[in-house]
Amino acid sequence: MRAETSLKRRLLIWLLLPLTGIVTLVLIQAYTSAVRTADRTHDTLLAASSLIIAERIQWQDGQLWLDLPESALKIISGPDQERVFYQITQSNGERLTGNATLPLPGDKALSEPGNNVFFYNGQLHGMPLRLALRHAYITTWDQSRPYDIIVAQTRHTRNQLAHTLFEGSLLRTVILAVLTLLGIRLALGIALRPLTRLRQAIRQRQPNDLSPLTLNLPHELDELVNTLNSLLKDQATSLKRMQRFIADAAHQLRTPLAGLQARAELALRKTQPEDWYAALQILQHNAMRTTRLSNQLLALSRVAPDTATPHTLCDLTQLARQSVMDDQDRALEQHIDLGFEGNRSACWVTGNEWQLEALLNNLLDNALNYCPPHSRINVSLSCEEDYIRLSVEDDGPGVPAESYPHLFERFYRAASADTQGCGLGLAIVATIAQSHGAEYQCRPGIDGQGFAVDITFQRSSPTSAGFQD
Ligand SMILES: Nc1ncnc2c1ncn2[C@@H]1O[C@H](COP(=O)(O)OP(=O)(O)OP(=O)(O)O)[C@@H](O)[C@H]1O
Ligand SMILES: [Mg+2]
């Protein structure tokens with residue numbers, strides 16, 4: 001199975017995308033939170049350090065004076081011996097003392113609530129620092145003098161703490177993501193199990209088993225199962241029709257073939273040439289009937305509703321006129337007046353040309369077969385706005401009205417028919433009409449005499465299909 005056609009894989013990908021997004025957001029949040037927690041913890045120590053320094057500042061000889069022994073600095077450096085820097089400035093920004101020149105806070109410096117200490121990040125000779133600025137006062141007998149203490153600490157310890165905190169979150173998040181992924185895989189497997197059952201049920205079917213699928217499946221698959229069942233039903237109908245057709249065809253062909261064989265055997269037992277000649281004439285006649293039967297059977301099988309035939313725009317006027325012209329010689333021979341009635345302009349229908357020709361030929365063949373000399377046959381075409389009616393009428397012997405309901409059935413021949421035929425012509429006409437969405441009916445013919453068949457087609461527009469009249 002190709003990767004892009006696997007439903008499971010597609011679902012997994014579409015679930016993984018949001019999961020990856022969520023995991024990324026959670027990790028970003030965990031990292032910022034770890035850094036913030038580490039800062040908060042160490043900022044308290046930094047604030048305390050600034051307080052230690054503040055307590056060591058004195059006012060002597062009219063100026064600020066700091067006595068910070070090495071031991072005090074060691075306490076401030078903490079157990080991890082971070083590098084510590086400090087600086088004292090007057091309120092006017094003038095640097096008084098310190099062990100480094102430290103950056104001043106920008107706008108982003110944060111103050112602890114209720115405290116005079118501001119925390120901010122900065123750098124000293126490319127070394128990242130965390131700094132705390134404390135506003136303090138020293139009170140002498142005559143006035144209170146403001147000054148600022150800035151204490152800075154390298155970030156090594158707090159970075160380590162942040163990493164330790166983040167590593168814990170990372171591990172938890174990765175375990176959670178893996179468990180979620182396994183859960184999704186398991187859930188997908190369970191959710192897609194009905195599809196697997198459906199696939200197995202179809203795969204295990206025998207080719208001739210066209211009964212509907214009766215599986216207990218989730219309702220989301222109802223439509224698919226219903227479609228499959230309707231396809232199976234169509235297949236079953238088509239198979240039955242085909243089996244019936246083959247049985248009918250075999251039955252119909254057996255009779256004339258048996259007749260041919262019997263006639264030939266009988267003739268072989270004769271000794272006189274005139275007997276042979278008579279037998280050969282009958283044999284030729286029977287052979288012609290059998291050929292006609294096999295041709296009609298073939299035509300019926302080719303126009304069966306299951307066979308897919310391409311439909312295009314066809315000009316019915318042209319097809320009808322051509323059929324009349326083709327049968328003109330035969331009509332003249334039989335002294336029959338065959339004519340076409342209808343205007344010369346094109347009448348378009350959507351259909352299959354050779355099927356429409358077969359329909360016209362069968363109707364004309366019937367009229368010419370069953371009408372005696374000096375009859376009239378009229379092919380007419382009336383093109384209305386929405387529909388086109390094709391009629392083939394004659395004033396021949398006609399068909400008894402009680403036979404009308406059966407005329408379009410296969411192998412039906414009216415009792416009045418004394419000519420040879422196999423009863424398939426009108427069945428072919430009906431099948432072709434049906435596959436063209438046309439309506440068909442029979443009625444008495446010219447002047448209420450004889451027989452007529454009307455076929456009503458839906459009219460098509462040549463312009464809509466890009467054709468010009
Ligand atoms: N124009 C007609 N005039 C009189 N009877 C007709 C006419 N057209 C059809 N019929 C009757 O309808 C019957 C059915 O016609 P259909 O064309 O189906 O079969 P067929 O002509 O007997 O055989 P074939 O399959 O060779 O055409 C005919 O046997 C005939 O009795
Ligand atoms: Mg016929």
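How many of the eleven residues of helix 10 are buried? In this predicted model, nine of them are, and helix 10 is mostly covered. Buried means under 20% relative accessible area, with exposed over 50% and partly exposed in between (1.4 Å probe, protein chains only). Helices (H or I, at least four residues) and strands (E, at least two) are DSSP runs numbered from the N terminus.

**Domains**
- Domain 1 covers 3-164, domain 2 covers 219-302 and domain 3 covers 312-465; these bounds come from an automatic or database domain assignment.
- Between the C-alpha centres of domain 1 and domain 3 there are 102 Å.

**Helix 10 and its cover**
- The buried residues of helix 10 include L426, V429, A430, I432 and A433.
- Among the elements that cover them are helix 6, helix 9 (353-370), strand 14 (439-443) and strand 15 (452-458).
- After helix 10 comes G437, with a positive phi near 65°.

**Packing of helix 6 on helix 10**
- Helix 6 (residues 273-302) packs on helix 10 (residues 425-435) at about 15°, with the axes 9 Å apart; axes are lines fitted to C-alpha atoms, for helices over the stretch in contact, and angles run from 0 to 180 degrees between N-to-C directions.
- The two helices are therefore roughly parallel (angles under 35 degrees).
- Q296, A299 and L300 of helix 6 meet G425, A427, I428 and T431 of helix 10, contact being heavy atoms within 4.5 Å.

**Conventions**
- Residues are numbered from 1 along each chain as its sequence is written, and chains are lettered from A and ligands numbered from 1 in the order in which they are written.
- Local features need pLDDT of at least 70, side-chain atom pairs count only at pLDDT 80 or more, and totals for chains, interfaces and linings use all residues, while side-chain values use heavy atoms, with hydrogens and water left out.

Note on methods: Parallel < 35°, antiparallel > 145°, perpendicular 65-115°, else oblique.
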